[in-house]
Amino acid sequence: QVPLVESGGGLVQAGGSLRLSCAASGRTFSIYTMGWFRQAPGKEREFVSAISWSGDSTYYADSVKGRFTISIDNAKNTVYLQMNSLKPEDTAVYCCAASIRPRTRAAAVVVSGYDYWGQGTQVTVSS
């Protein structure tokens, strides 16, 4: 098992910033990739960003490229998502996920590519 706990969500005005954290525990040695996904009301869960456990590879959705930055602190088993220039359309529940299998980029950007999920943290961006 790989329990995941997110934190850092909240309410922010458009143009503002937030930093989300995802702390992993348990069998962290088995993790290959960590990802962030989001789900807005009435919409499907969508990919936001992903990072290899080594930190060597990062992936971003086009909608957040240049505004969001993913990073990892292996000493703390924690992944971060720095979100800048936030827009109202970024409003969603953000969930982190862990994959314990080697993944190509194609698999790292889809929900089915992950094995464990956190409960999520709400991000609300007001206009």
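Tutor: Begin with burial. A residue counts as buried when its relative accessible area is under 20%. In this predicted model, T121 has a relative accessible area of 11%, so T121 is buried.

Student: Where is T121 placed?

Tutor: T121 is in strand 11, residues 121-126.

Student: What does the side chain of T121 reach?

Tutor: The side chain of T121 reaches the backbone nitrogen of G9 at 3.2 Å. Leaving aside neighbours within four places in sequence, T121 is in contact with residues including G9, L20 and Y94.

Student: Is R38 buried or exposed?

Tutor: R38 has 6% relative accessibility and therefore counts as buried. R38 lies in strand 4, residues 33-39.

Student: Which side chains are joined to R38 by polar contacts?

Tutor: The side chain of R38 has a polar contact of 2.6 Å with that of E46, and another of 2.9 Å with that of Y94. Leaving aside neighbours within four places in sequence, the contacts of R38 include E46, D90 and Y94.

Student: How should I read a sheet?

Tutor: Strands of a sheet pair through backbone hydrogen bonds, either parallel or antiparallel. Here, an open sheet of four strands has the order 1-3-8-7, with antiparallel pairing. The edge strands are strand 1 (4-7) and strand 7 (68-73), each pairing on one side only. On average, neighbouring strands of this sheet are turned by 15 degrees against each other, direction ignored.

Student: How many bridges pair strand 1 and strand 3?

Tutor: Strand 1 and strand 3 (residues 18-24) pair in the antiparallel sense over four bridges. The bridge partner of L4 in strand 3 is A24.

Definitions and conventions: Residues numbered from 1 in each chain as written. Predicted model: local features only at pLDDT ≥ 70, side-chain atom pairs only at ≥ 80, totals over all residues. Heavy atoms only, no water. Helix = DSSP H or I, 4+ residues; strand = E, 2+ residues; numbered from the N terminus. Buried < 20%, exposed > 50% of the residue type's maximum accessible area, 1.4 Å probe, protein only. Polar contact = N/O pair within 3.5 Å; in protein donor to acceptor, adjacent residues only side chain to side chain. Contact = heavy atoms within 4.5 Å. Pairing = 2+ DSSP bridges. Axes fitted to C-alpha atoms, helices over the stretch in contact; angles between N-to-C directions.
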